[in-house]
Amino acid sequence: MPTYEYVCKDCGHHLSVEQRMSDPRLTDCPHCGKPGLERQLSAGGFALKGSGWYQTDFKGGSKAGESKPEAAAVPSCPAGGCACH
């Protein structure tokens with residue numbers, strides 16, 4: 001369920017409320033009782049739960065503790081003997 005941030009324009013009280021997206025917006029401030037609550041824009045967040053979710057868990061990546069194989073030595077080409085000159 002998303003968490004929405006509200007602030008009261010009358011008393012300045014801030015609160016965070018978990019609501020369904022289909023739930024109506026809150027209007028009455030629980031602090032002062034006036035109908036001055038406004039929903040604020042806030043940064044969305046998410047949590048990665050469960051085991052894993054590390055850089056080493058992705059396919060194709062090296063695992064922790066493994067050493068990478070040495071790159072094969074590329075022989076130098078004679079001047080003008082390849083397409084790179």
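Predicted model: local features only at pLDDT ≥ 70, side-chain atom pairs only at ≥ 80, totals over all residues.
Residues are numbered from 1 along each chain as its sequence is written, and side-chain values use heavy atoms, with hydrogens and water left out.

Let me begin with the chain as a whole. The protein chain has 0 helices and 3 strands, where helices (H or I, at least four residues) and strands (E, at least two) are DSSP runs numbered from the N terminus, and along the sequence the pattern reads β-β-β. Of the 85 residues in the protein chain, 12% are buried, a word I use for under 20% relative accessible area, with exposed meaning over 50% and partly exposed in between, using a 1.4 Å probe and protein chains only. The chain exposes about 7600 Å², of which carbon and sulfur atoms supply 54%; the areas come from the Shrake-Rupley method with a 1.4 Å probe, and for residues only the protein chains shown count as cover. Among the contacts with a separation of 6 or more, those between residues 24 or more positions apart account for 27%, a contact being heavy atoms within 4.5 Å.

Now to the strands. β1 and β2 pair in the antiparallel sense over 5 bridges, and two strands are said to pair if DSSP finds at least two bridges between them. Within this pairing, T3 has E18 of β2 as its bridge partner, and V7 stands opposite H14. The two strands form a hairpin with 5 residues between them, and G12 in the turn has a positive phi of about 85°. On its other pairing, β1 is joined to β3 by 4 bridges, again running antiparallel, with C8 bridged to L37 in β3.

In a regular strand the side chains alternate between the two faces of the sheet. In β2, the covered face consists of L15 and V17, while the uncovered one holds H14, S16 and E18.

Which residues make up the largest nonpolar core? They are Y4, Y6, C8, L15, V17, C29 and L37, 7 residues in all, where a nonpolar core is a set of buried Ala, Val, Leu, Ile, Met, Phe, Trp, Tyr and Cys residues joined through side-chain atoms within 4.5 Å. The elements giving two or more residues to this core are β1 (3-8) and β2 (14-18), and the largest share, 3 residues, comes from β1.

L37 is placed in strand β3 and counts as buried because its relative accessibility is 9%. Although L37 and C8 are 29 residues apart in sequence, their C-alpha atoms are 4.3 Å apart in space, and beyond four places in sequence L37 touches a list of residues including Y6, L15, L26 and C29. C29, by contrast, lies in the loop between β2 and β3 (37-40), and with a relative accessibility of 3% it is therefore classed as buried. Leaving out residues up to four places away in sequence, C29 touches C8, C11, H13, K34 and L37, and its C-alpha lies 9.2 Å from that of H14, which is 15 residues away in sequence.

A residue that I would also point out is Q19, which lies in the loop between β2 and β3. Is Q19 buried or exposed? Q19 counts as buried because its relative accessibility is 5%. Its contacts, again leaving aside neighbours within four places, are M1, P2, Y4, Y6, P24, L26 and R39, and the C-alpha atoms of Q19 and Y4 are separated by 7.0 Å.

That brings me to Y4 itself, whose contacts beyond four places in sequence include L15, V17, M21 and R39. The charged end of R39 sits over the ring of Y4, 4.2 Å from its centre, the criterion being NZ of Lys or CZ of Arg within 6 Å of the ring centre and within 35 degrees of the ring normal.
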